[in-house]
Amino acid sequence: MTIAEVSRKYGLSADTLRYYERIGLLPPVPRSKSGIRDYDETSCGWIELMKCMRGAGVRIDALIQYVALYRQGDATLEARKELLIQQREELTARMEDMARSLERLNFKIDRYEKGLMAQEGPGEDTP
C-alpha cells in the first residue's frame, strides 16, 4: 500500500507515518524499486500496534525501545516482555486515576441534577 492509502486506512497523516519511521517507532518500511514506501502486512501490523499503544498513552520512548529490542532478535524476548509489563503497570495506574476522576465527575453532575450545588462551596461537595 502507498503512504496515502495507509494514511487513510489508519487516520494518520503521511507526515506522522514518516516521522514514526524516522524516530524508530516503526521498523523500516519496505520500498519499491523507485524508493517509494510500499507498506506490507507486517508494516501495517506495526502501525496498528503503535496507534493502539499511543492511544492508550504509552510513551513514545518506551515504544521506540520496544522496536529497537525487537529488531535485535529473540535474545531480547525477556527484555521486551519486561518493558510491556512496566507499560501495563503504568497504564493500569493511569486507568485507576481516570476512574477516580470519572467518579468525581459523576458525583458532581449528580449534585447539579439534584439542585444541590448552589447550596455548597466548591470544596464541600467531595464524595
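1. Angles between axes count as roughly parallel under 35 degrees, roughly antiparallel over 145, roughly perpendicular from 65 to 115, and oblique for the rest. Helices are DSSP runs (H or I, at least four residues), numbered from the N terminus. Axes are lines fitted to C-alpha atoms, for helices over the stretch in contact, with angles from 0 to 180 degrees between N-to-C directions.

2. This is a predicted model, in which local features need pLDDT of at least 70 and side-chain atom pairs count only at pLDDT 80 or more, while totals for chains, interfaces and linings use all residues. Residues are numbered from 1 along each chain as its sequence is written, and side-chain values use heavy atoms, with hydrogens and water left out.

3. Helix α1 (residues 3-10) and helix α2 (residues 14-23) have axes that come within 9 Å and cross at roughly 100°, and the two helices are therefore roughly perpendicular to each other. Ile 3, Val 6 and Ser 7 of α1 make the contact (heavy atoms within 4.5 Å) with Ala 14, Leu 17 and Arg 18 of α2.

4. Helix α3 (residues 41-55) packs with helix α4 (residues 60-72) at an angle of about 150°, their axes being 10 Å apart, and α3 and α4 are therefore roughly antiparallel to each other. Trp 46, Leu 49, Met 50, Met 53 and Arg 54 in α3 meet Ile 60, Leu 63, Tyr 66, Val 67 and Tyr 70 in α4.

5. Arg 94 lies in helix α5 (residues 77-113). Not counting residues up to four places away in sequence, Arg 94 touches Ala 56, Gly 57 and Val 58, and the C-alpha atoms of Arg 94 and Ala 56 are separated by 9.5 Å.
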